[in-house]
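Open the model in your viewer and keep the selection tool at hand. The tour moves from one selection to the next.

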Amino acid sequence: MSHNDWKSRLGMVYSTDPDFEYTTEHSAAEPETLPPARQRLRVALDRRNRGGKQVTVVADFVGSESDLKELGRLLKQRCGVGGAVKEGEIIIQGDFRDKIVQILSEAGYKARKI
């Protein structure tokens, strides 16, 4: 245990046991990325809590965070707009539902517009 990991121990108060070893809970292993033909993605328009702006949200991706970020980067490039990958969802600025469904279909994903 290094001396610089105090942030991971914020919930720990104190232990008088001299042999105590603090262990952190590691998150579960990332799920294996399904092939594009087995993915069922939902493409939706969202306006909530965004100051009146519209964003397109791609949800239900099953796989690793790095593969999700790569897909998000592809969609942002092909649409020519900004966006983000947060909490397992790809957020694209603007209403690009039709274009995103077409891009995902060409890439072999099963995508449906909601």
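Predicted model: local features only at pLDDT ≥ 70, side-chain atom pairs only at ≥ 80, totals over all residues.

**Stop 1**

Residues are numbered from 1 along each chain as its sequence is written, and side-chain values use heavy atoms, with hydrogens and water left out.

N49 sits in the loop between strand 1 and strand 2. Helices (H or I, at least four residues) and strands (E, at least two) are DSSP runs, numbered from the N terminus. Check the backbone here: N49 has a positive phi of about 55°, although it is not a glycine. Most residues other than glycine have a negative phi.

Now select E87. It lies in the loop between strand 3 and strand 4. Its phi is also positive, about 50°, and E87 is not a glycine. At 80% relative accessibility, E87 counts as exposed.

**Stop 2: D46**

Go to D46, in strand 1. Is D46 buried or exposed? At 12% relative accessibility, it counts as buried. Show side chains: a polar contact of 3.0 Å joins D46 and R50. A polar contact is a pair of N or O atoms within 3.5 Å; within protein, one must be able to donate a hydrogen and the other to accept it, and residues adjacent in sequence count only if both atoms are side-chain atoms. Leaving aside neighbours within four places in sequence, D46 is in contact (heavy atoms within 4.5 Å) with K53, Q54, V55 and V57.

**Stop 3: helix 1**

Select residues 65-79, which form helix 1. Which of its residues are buried? They are L68, L71, G72, L75 and C79. Just after helix 1, G80 takes a positive phi of about 70°.

**Stop 4: I92**

Finish at I92, in strand 4. At 0% relative accessibility, I92 counts as buried. Leaving aside neighbours within four places in sequence, its contacts include V55, L75 and I100.

Methods. Expected span 1.5 Å × (residues − 1). Buried < 20%, exposed > 50% of the residue type's maximum accessible area, 1.4 Å probe, protein only.
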